[in-house]
Amino acid sequence: MDKKEFVVKETESFRLKVRHWRCTSPNNLNSVEMVNECLDKDGNVEFSSSYNFFMTNDEIISLANQLIGSLE
């Protein structure tokens with residue numbers, strides 16, 4: 001399984017990460033996990049919550065386009 005992970009935002013007290021991988025079955029879905037982490041003053045994770053969504057490629061593209069469109 002090829003997992004990809006990137007940080008969307010990080011401050012002294014907060015970090016938002018996204019993890020993504022292709023589902024094995026059904027193979028047309030992606031698992032998109034958003035991880036919200038609260039950090040202590042030393043940068044260690046105090047609290048974490050995860051939100052997982054199963055989306056097709058087209059749904060991910062639609063989400064990205066709508067987010068970009070909402071900025072205008």
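Predicted model: local features only at pLDDT ≥ 70, side-chain atom pairs only at ≥ 80, totals over all residues.
Reader: Where does Glu37 lie, and what makes that stretch a strand?

Author: Glu37 lies in strand β3, which covers residues 30-39. Residues are numbered from 1 along each chain as its sequence is written, and side-chain values use heavy atoms, with hydrogens and water left out.

Reader: Why is Glu37 called buried?

Author: Its relative accessible area is 6%. Buried means under 20%, exposed means over 50%, and partly exposed is what falls in between (1.4 Å probe, protein chains only), so 6% puts Glu37 among the buried residues.

Reader: What makes polar contacts with the side chain of Glu37, and how do you know that they count?

Author: The side chain of Arg15 does, at 2.6 Å, and the side chain of Lys17 does too, at 3.2 Å. A polar contact is a pair of N or O atoms within 3.5 Å; within protein, one must be able to donate a hydrogen and the other to accept it, and residues adjacent in sequence count only if both atoms are side-chain atoms. Both distances are within 3.5 Å, so both pairs pass on distance.

Reader: Which residues does Glu37 touch?

Author: Leaving out residues up to four places away in sequence, Glu37 touches Ser13, Phe14, Arg15, Lys17, Val45, Phe47 and Ser48 (contact means heavy atoms within 4.5 Å). Ser48 in β4 also stands opposite Glu37.

Reader: How do you know that β3 and β4 pair?

Author: They share 10 bridges, in the antiparallel sense. Two strands pair if DSSP finds at least two bridges between them, so 10 is enough. β1 and β2 (residues 14-22) pass as well, being antiparallel over six bridges. In that pair, Lys9 stands opposite Leu16 and Val7 opposite Lys17.

Reader: What makes β1 and β4 edge strands?

Author: Four strands form an open sheet in the order β1-β2-β3-β4, with antiparallel pairing. β1 (4-10) and β4 (45-55) each have a single partner strand, so one side of each is left without a neighbour in the sheet.

Reader: Which strands does helix α1 touch?

Author: Helix α1 (residues 57-69) packs on the sheet, touching β2, β3 and β4. Its direction makes about 120 degrees with that of β4.

Reader: Why is Cys38 called partly exposed?

Author: Cys38, also in β3, has 29% relative accessibility, so it lands in the middle class. Ser50 in β4 is partly exposed at 43%, and so is Thr11 at 36%, found in the loop between β1 and β2.

Reader: Which residues is Ser50 in contact with?

Author: Setting aside neighbours within four places in sequence, Ser50 is in contact with Glu33, Met34 and Val35. Ser50 and Glu33 are 17 residues apart in sequence, but 6.6 Å apart in space, C-alpha to C-alpha.

Reader: How do you know that Lys3 lies over the face of Trp21?

Author: Lys3 is at 4.5 Å from the ring centre. A charge sits over a ring if NZ of Lys or CZ of Arg is within 6 Å of the ring centre and within 35 degrees of the ring normal, so 4.5 Å passes on distance.

Notes
Axes fitted to C-alpha atoms, helices over the stretch in contact; angles between N-to-C directions.
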